[in-house]
Amino acid sequence: MPGLLKKAYQLVFAEDPVKPLLKLSKKDRPLKTLTERELIQLESQIGQAIFGPLPPHVVRREFFTIDKDTWIWHEEIKNPDGTKDELTIRYEVQPKGILKVQPGPRYTYLEGAELENFVMAVKEYYERVTRGLYKRDPRTGRESSAS
Amino acid sequence: MNQPGEYLSAADMKRLEIEAIAYAAPAHPEVPRVSPHLSEAAVERAMTPKVAEVPRSQTREVIDPKAMVEYVLRVGSLVEQYRQEGVGQMRRESVAELTKPDNVTLAA
């Protein structure tokens, strides 16, 4: 603890505030509790990465699951005139199929290639979030030994 | 890097079929290791209805939509479970660190 205080003191009063910051190790950082909201935000950051880099006209993209029955796709697009458009699509998992709810509202059940691609995206989401965020083996659900 | 036209080949479809069957049974979905490049290319346009490289007749032969829906539901349940278990957990990493590319990229 004295070491941490010393580093904090150096950080606050240093002439160059960046230099002592580089000396901070992970052990010096306080433990942090994560809320459900933060976890969803983290999941979404992982989820949006599934689809590769954002195209230049897309300023924000989110892809996450709210609960076991609901998935959200959200995109903010910058138009050439500088205005922004938002598109939010909700996917509801129902016994009959995956219901896609678009603004309007328009309701359609996923089928064919779109259904397959959605499942592929969900699969990637599960694997990345489970492994990267929750530190578990996606196949077994067990916590990774490395975490 | 796979080109868009290469994704969801007949081999991919067969793999999906096998996975769809596997997903329906075990407590945790079996997620075979796949090339991230292949998967990224495959899901790149997942949210758009315009993708149609695979003939729909072939799709209907090898894919069971019910198994897919069950799989999505199972994944949703598991993620929800892990999330609930993760709430309040103490983590030393910051939110920014947790989402660093290195931390969210699949192992090869």
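Modeller: Rings of Phe, Tyr and Trp (its six-membered ring) pair if their centres lie within 6.5 Å; planes under 30 degrees apart count as stacked, over 60 as edge-to-face and the rest as tilted. This is a predicted model, in which local features need pLDDT of at least 70, side-chain atom pairs count only at pLDDT 80 or more, and totals for chains, interfaces and linings use all residues. Residues are numbered from 1 along each chain as its sequence is written, chains are lettered from A and ligands numbered from 1 in the order in which they are written, and side-chain values use heavy atoms, with hydrogens and water left out.

Biologist: How many aromatic pairs are there over all chains, and what is the angle between the planes of A:Phe63 and A:Tyr125?

Modeller: Over all chains, the structure holds 9 aromatic pairs. A:Phe63 and A:Tyr125 form an edge-to-face pair, 5.7 Å centre to centre, and the angle between their planes is 85°.

Biologist: How many residues apart in sequence are the parts that this pair of A:Phe63 and A:Tyr125 ties together?

Modeller: A:Phe63 belongs to strand β2 (residues 58-67) of chain A and A:Tyr125 to helix α4 of chain A, where helices (H or I, at least four residues) and strands (E, at least two) are DSSP runs numbered from the N terminus. The pair therefore ties together parts whose separation in sequence is 62 residues.

Biologist: Are A:Phe63 and A:Tyr125 buried or exposed, and what class of pair do A:Trp71 and A:Tyr125 form?

Modeller: Both A:Phe63 and A:Tyr125 are buried, that is, under 20% relative accessible area, with exposed being over 50% and partly exposed in between (1.4 Å probe, protein chains only). The ring centres of A:Trp71 and A:Tyr125 are 4.9 Å apart and the planes stand at 75°, so this pair is edge-to-face.

Biologist: Which residues form one aromatic cluster?

Modeller: A:Trp71 is buried, as is A:Tyr125. Both residues belong to the cluster formed by A:Phe51, A:Phe63, A:Trp71, A:Trp73, A:Tyr91, A:Phe118 and A:Tyr125.

Biologist: What is the relative accessible area of A:Ala121?

Modeller: A:Ala121 lies in helix α4 of chain A. A:Ala121 is buried, and its relative accessible area is 0%.

Biologist: Is A:Lys84 buried or exposed?

Modeller: A:Lys84 is found in strand β4 (residues 84-94) of chain A. Leaving aside neighbours within four places in sequence, A:Lys84 is in contact (heavy atoms within 4.5 Å) with A:Val59, A:Ile77, A:Lys78 and A:Asn79. With a relative accessible area of 55%, A:Lys84 is exposed.

Biologist: Why is α3(A) called oblique to α4(A)?

Modeller: Helix α3 (residues 36-49) and helix α4 (residues 112-133), both of chain A, pack with their axes 9 Å apart and at an angle of about 125°. Angles under 35 degrees count as roughly parallel, over 145 as roughly antiparallel, 65 to 115 as roughly perpendicular and the rest as oblique. That angle therefore makes the relation of α3(A) to α4(A) oblique.

Biologist: How are α4(A) and α4(B) oriented to each other?

Modeller: The axes of α4(A) and helix α4 (residues 65-86) of chain B come within 10 Å and cross at roughly 25°. Among the residues that meet are A:Phe118 and A:Tyr125 in α4(A) and B:Tyr71 and B:Val75 in α4(B). The two helices α4(A) and α4(B) are therefore roughly parallel.

Conventions: Axes are lines fitted to C-alpha atoms, for helices over the stretch in contact, and angles run from 0 to 180 degrees between N-to-C directions.
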